[in-house]
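This report takes a chain from its open spaces to its side-chain contacts. Please keep the sequence and the model in view while reading.

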Amino acid sequence: MNAANRELPSWSASRRYGLHHAIVHDDIAYAAWRDAGMVVLDISDRTAPRAVVHRNWSPPFGGGTHNCLPLPDRDLLVVLDEAVLDHQEDGEKFIWVFDNREKSNPVSIATFPTPRDADYRAKSGHFGPHNLHENRPGSFVSSELIFATYQNAGVRAFNISNPYRPVEVGALVPPAPPSLMDTRPNRQRVIQSADVFVTANGLIYSTDYNGGLYVIEFDGGGG
């Protein structure tokens, strides 16, 4: 806010409205704005960004938008909402697929399947999405294979060759860490897979703020 000009927030103090980061393709920036959802900006004039569209699905969904990943060759967006409380106390968070053929009107067409191979909601720590591999230049780039972290549910790989039906094709849930790095009081010894980066030759690097760094090889299998 521009406090010097007496700008005041129009939203509840319980809401977190703030830019996490934007991913830029050509002259369009796809910005994750936490509880304010996704903001798309025309930045062809870098000195005067212009709003293209604002989409916010919170409420009724939980908010916490963290990544807005354009897949320009398919006119799709993959948008992730971060889980920030234990046991889904902030609601079930999703990774969304948007049809982006009309840049001024992105339309949600699917969500990624939530991991169900264990009762992660009952498990200690955060359960839900945290971060996506973002197809950065020089890294692994795909508009069909998407890698994401799910905190206490580890690292997940999804195939979105059918954008209306994303399918999980791989997962690694590391064991409980030998020691606890989280300094908050009364925390449990549990993994919290946080960030993910995939190299051009397919090695997955995933950070865990309790467990350290994991280097993972995806075999490309179907499960």
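The sections below cover the model, pockets, aromatic pairs, backbone and salt bridges.

## Basis of the model

This is a predicted model: local features need pLDDT of at least 70, side-chain atom pairs count only at pLDDT 80 or more, and totals for chains, interfaces and linings use all residues. Residues are numbered from 1 along each chain as its sequence is written, and side-chain values use heavy atoms, with hydrogens and water left out.

## The largest pocket

Rolling a probe the size of a water molecule over the atoms shows where empty space is left. The search here runs on a 1 Å grid over the protein atoms alone. A pocket is an open set of points where a 1.4 Å probe fits, with protein on both sides within 12 Å along at least five of seven lines. Lining residues have an atom within 4 Å of a point. Grid points are joined across faces, edges and corners, and a volume is the space filled by probe spheres set on the points.

The largest pocket holds about 270 Å³ of space. Its lining counts 15 residues, and His 25, Pro 70, Pro 72, Glu 134 and Asn 135 lie nearest the centre. Two or more lining residues come from each of strand E1 (17–25) and strand E5 (65–71). Strands (E, at least two residues) are DSSP runs, numbered from the N terminus. By class, the lining has eight nonpolar, four polar and three charged residues. Nonpolar covers Ala, Val, Leu, Ile, Met, Phe, Trp, Tyr, Cys and Pro; charged covers Asp, Glu, Lys and Arg; the others, Gly among them, are polar.

## The second largest pocket

The volume of the second largest pocket is about 160 Å³. It is lined by 14 residues. Nearest its centre are Gly 170, Ala 171, Ile 216, Glu 217 and Phe 218.

Strands E11 (155–159), E12 (167–172) and E15 (212–217) each give at least two residues to this lining. E12 supplies the largest share, four residues. The lining divides into nine nonpolar, two polar and three charged residues.

## Aromatic pairs

Rings of Phe, Tyr and Trp (its six-membered ring) pair if their centres lie within 6.5 Å. Planes under 30 degrees apart count as stacked, over 60 as edge-to-face and the rest as tilted. The count comes to 10 aromatic pairs. In one of them, Phe 61 and Phe 94 have ring centres 5.9 Å apart and planes at 85°, so the pair is edge-to-face. Phe 61 sits in the loop between strand E4 (50–55) and E5, while Phe 94 sits in the loop between strand E6 (76–81) and strand E7 (95–99), 33 residues apart.

Phe 61 also pairs with Trp 96: the centres are 4.9 Å apart and the planes at 85°, so this pair is edge-to-face. Trp 96 lies in strand E7 and Phe 61 in the E4–E5 loop, so the contact ties together parts 35 residues apart in sequence. Phe 61 is partly exposed at 36% relative accessible area. Phe 94 is buried at 16%, and Trp 96 is buried at 8%. Buried means under 20%, exposed over 50% and partly exposed in between (1.4 Å probe, protein chains only). Trp 57, Phe 61, Phe 94, Trp 96 and Phe 98 form one aromatic cluster.

## Backbone exceptions

Most residues other than glycine have a negative phi, and most peptide bonds are trans. The bond from Ser 58 to Pro 59 is cis, with omega near -5°. The bond from Pro 59 to Pro 60 is cis, with omega near 15°.

Asp 75 has a positive phi of about 55°. Asp 75 lies in the loop between E5 and E6 and is partly exposed at 29%. Gln 151 has a positive phi near 60°. Gln 151 belongs to strand E10 (145–151) and is buried at 2%.

## Salt bridges

The structure holds 13 salt bridges, each a side-chain nitrogen of Lys or Arg within 4 Å of a carboxyl oxygen of Asp or Glu. Asp 42 meets Arg 50 at 2.8 Å, N to O. Asp 42 is buried at 14%, whereas Arg 50 is partly exposed at 47%. Asp 90 meets Lys 93 at 3.0 Å. Asp 90 is buried at 15%, and Lys 93 is buried at 5%.

Arg 136 and Glu 134 meet at 2.5 Å. Arg 136 is partly exposed at 35%, while Glu 134 is buried at 12%.
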